[in-house]
Amino acid sequence: MPAREGTYGLLAEFETPGDLVRAARQAHQDGWRRMDCYTPYPVEEAAEAIGFHRNKVPLLTLIGGLLGGGVVFTLQTWISVLAYPINVAGRPTYSWPAFIVPAYEWTILWAGLSAGFGMLALCGLPSLYHPLFNAPNFRDGATTDKFFLCLEALDPKFDLIATRAYLAAFKPTSVVEVDY
Amino acid sequence: MDTSHNPHAKQLPADLGAPAFVDAWKTRALMIGAIFTVIAVILGFLGQAQDGLGWIHFLRAWLLGTMWTWGLAVGGLALLMVQYCSGGKWGLLLRRPLEALSRTLPVVFTYWLVTAIFADRLYLWAKYTTVAATADALKSGLINEIQAHCLNFKRPMLNPDEYWGISLACFAIWTFYAWRLNTLALKRESQGPETTPYWIKKFENISGPGILVYSITMTACAIYWVMSLDPTWFSTVYGLVFLVAQGYLVLAFSIIVAISLSKGEPYKTLLRQTEQHDLGKLAFAFVMLNIYLNFGQFLIIWSGNLPLEINWYLDRIRGNWGVIITLDFIFHWVIPFAMLLSRDIKRNKKRLVRVCQWMVFARAFDMFWLIEPNFKDAARNLHFSWGILEYIAVPGAMFCFWLAYFCTRLKTRPLVEVNDPHLAEILEPEHAHA
């Protein structure tokens with residue numbers, strides 16, 4: 001893919017999560033879709049404000065958990081019944097109570113790994129470059145104490161002059177233009 | 001209360017008392033309770049005519065009802081102490097309902113008295129109190145050799161005097177804690193916000209040791225009241241199984257109460273989705289812990305496969321009881337687990353209430369499986385009789401009457417504690433805290 005050039009979007013900086021959520025909610029209501037919020041810690045309401053009501057992480061976790069539990073239960077059954085049947089204290093070879101504990105552990109393990117790695121993959125991580133790091137105030141504040149709303153140039157409503165005025169109406173600390 | 005720091009904060013209504021519809025709950029509970037009572041009496045006569053076990057089933061079902069309501073009252077007291085130690089906005093939300101639960105102890109005490117008075121019909125150790133009586137019973141085939149041995153061996157612990165003494169002492173201890181926490185809560189309300197740090201420490205200092213005392217006393221009673229129905233069997237995790245089941249039951253019940261109260265003020269203002277979600281998650285944790293302990297107990301005994309332990313499970317699996325334990329597993333774990341896994345259900349008032357109602361029922365179903373197979377006529381032999389339906393009617397009636405009393409307790413004091421720093425936080429709009 002050739003390097004993109006030009007404006008990535010307009011970045012508004014807010015002091016509090018409340019201000020960010022109000023601005024984001026309004027922008028989403030006004031028809032903005034190519035937009036994102038950036039906060040130093042998870043603010044669920046910000047995600048909801050821009051239309052992220054659900055994501056695929058729970059589904060991935062469920063599938064991972066079921067797979068993990070199913071795989072290891074089947075594995076134990078195969079070993080104990082078919083591959084290497086041993087008489088343990090006269091119990092049947094298919095002694096399911098004994099298989100539950102590893103199956104349970106593997107359910108947790110696989111669900112946890114699926115949640116973690118699934119989340120990273122769905123977020124598009126690892127990513128080596130993001131245009132927003134061109135903005136100095138973003139670099140300094142996004143992981144400490146500032147809250148950002150970015151309206152992206154790909155949105156059909158985007159217009160450099162009008163959008164800057166639109167963002168300024170939310171009374172942010174600053175609005176900066178970010179290049180690719 | 002000073003809310004000036006946040007212009008978006010909600011305002012509490014002037015009247016913090018329980019809404020009027022709590023009285024309607026009470027009336028409804030009393031009516032349903034009366035219907036269940038009539039059914040229970042009819043079933044008693046029917047069962048008596050059928051196999052002569054009608055009234056004895058009535059008594060066993062009474063024991064189930066006692067354990068059910070006892071779990072709510074004492075479990076409520078325990079959760080009250082836990083939230084004083086842990087803090088958190090969910091604790092403030094549930095504080096008054098939990099206090100009301102702890103004040104239902106008198107009802108539970110009267111319920112228990114009936115089982116204590118008729119103890120010789122329920123417990124073998126209360127029927128055969130001497131070595132001679134045990135030998136006679138063995139000779140006439142009323143008990144088997146293992147039972148006779150266990151009765152004689154365990155008599156220093158399992159005898160009526162000890163049973164009365166320990167049970168009464170436990171009730172006295174719980175009453176003391178319930179009284180102390182309830183009266184101090186009112187005293188705290190009558191004082192200003194400058195006293196808050198003192199009260200937080202004070203309640204922590206009472207509740208911390210109180211949780212320990214509760215665990216010991218409730219273990220003792222779980223052993224005396226239920227586990228000793230089968231004098232031959234023992235499990236070291238038994239107290240913990242009951243403790244976790246109480247957490248399961250009390251959380252489900254208090255979620256129902258909090259959400260139902262939110263149809264009117266002041267809970268309408270107080271209950272936010274955030275805390276509802278938190279409570280759902282906490283209930284989910286108890287669903288998990290509950291199956292963990294129950295399965296752990298089973299797995300250990302299954303692995304050991306010792307004649308003195310395994311019979312307890314065989315009594316509860318063979319002879320059609322396998323159906324009940326399978327259903328119990330589904331009712332008690334699969335359904336609440338699958339439902340509470342969903343974030344949407346935890347955040348939906350109506351659906352969360354449905355799940356929690358199911359959990360309250362599932363707890364009673366689980367105790368049916370624990371209690372009924374202890375008796376000779378039912379062990380390894382689940383069969384239909386009119387008497388067995390008492391397990392629906394009697395606990396149903398007892399629960400309804402207990403619930404009516406709970407409603408009156410709920411009405412006796414304001415539903416919101418004002419002298420608590422969590423109040424300002426819980427009145428903030430949900431995204432402002434983030």
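## Strand pairing in chain A

In this predicted model, strand β1 (residues 7–14) of chain A pairs with β3(A) in the antiparallel sense, through six bridges. Within that pairing, A:E13 lies opposite A:F148 of β3(A).

Strand β2 (residues 35–38) of chain A runs antiparallel to β3(A) and is joined to it by four bridges. Here A:C37 faces A:L149 of β3(A) across the pairing. Strand β3 (residues 147–152) of chain A is mostly covered, with five of its six residues buried. As a general point, side chains in a regular strand alternate between the two faces of the sheet.

## Overall architecture of chain A

Chain A contains six helices and four strands. Along the sequence, these elements follow the order β-α-β-α-α-α-α-β-α-β. Among contacts between residues at least 6 apart in the sequence of chain A, 79% connect residues at least 24 apart.

Along the principal axes, the C-alpha atoms of chain A occupy a box of roughly 80 × 40 × 30 Å. Of the 180 residues in chain A, 27% count as buried.

## Contact between the chains

Nine residues from chain B and nine residues from chain A make up the contact. On the side of chain B that touches chain A, six residues are nonpolar, two are polar and one is charged. For the complex, the predictor reports an ipTM of 0.81 and a pTM of 0.89.

## Confidence of the prediction

Chain A has a mean pLDDT of 91, and 98% of its residues reach 70 or more. Among the elements of chain A, the lowest mean pLDDT, 86, belongs to helix α2 (residues 44–49) of chain A, and the highest, 96, to helix α3 (residues 57–83) of chain A.

For chain B, the average pLDDT is 94, and 97% of the residues score at least 70. Confidence in chain B is lowest in helix α19 (residues 422–426) of chain B, where the mean is 86, and highest in helix α4 (residues 105–117) of chain B, at 98.

Key: Residues numbered from 1 in each chain as written. Chains lettered and ligands numbered in written order. pLDDT = per-residue confidence, 0-100. Helix = DSSP H or I, 4+ residues; strand = E, 2+ residues; numbered from the N terminus. Contact = placed C-beta atoms within 7 Å. Nonpolar A, V, L, I, M, F, W, Y, C, P; charged D, E, K, R; others polar. Buried ≥ 20, exposed ≤ 12 C-beta atoms within 10 Å, placed from the backbone. Pairing = 2+ DSSP bridges.
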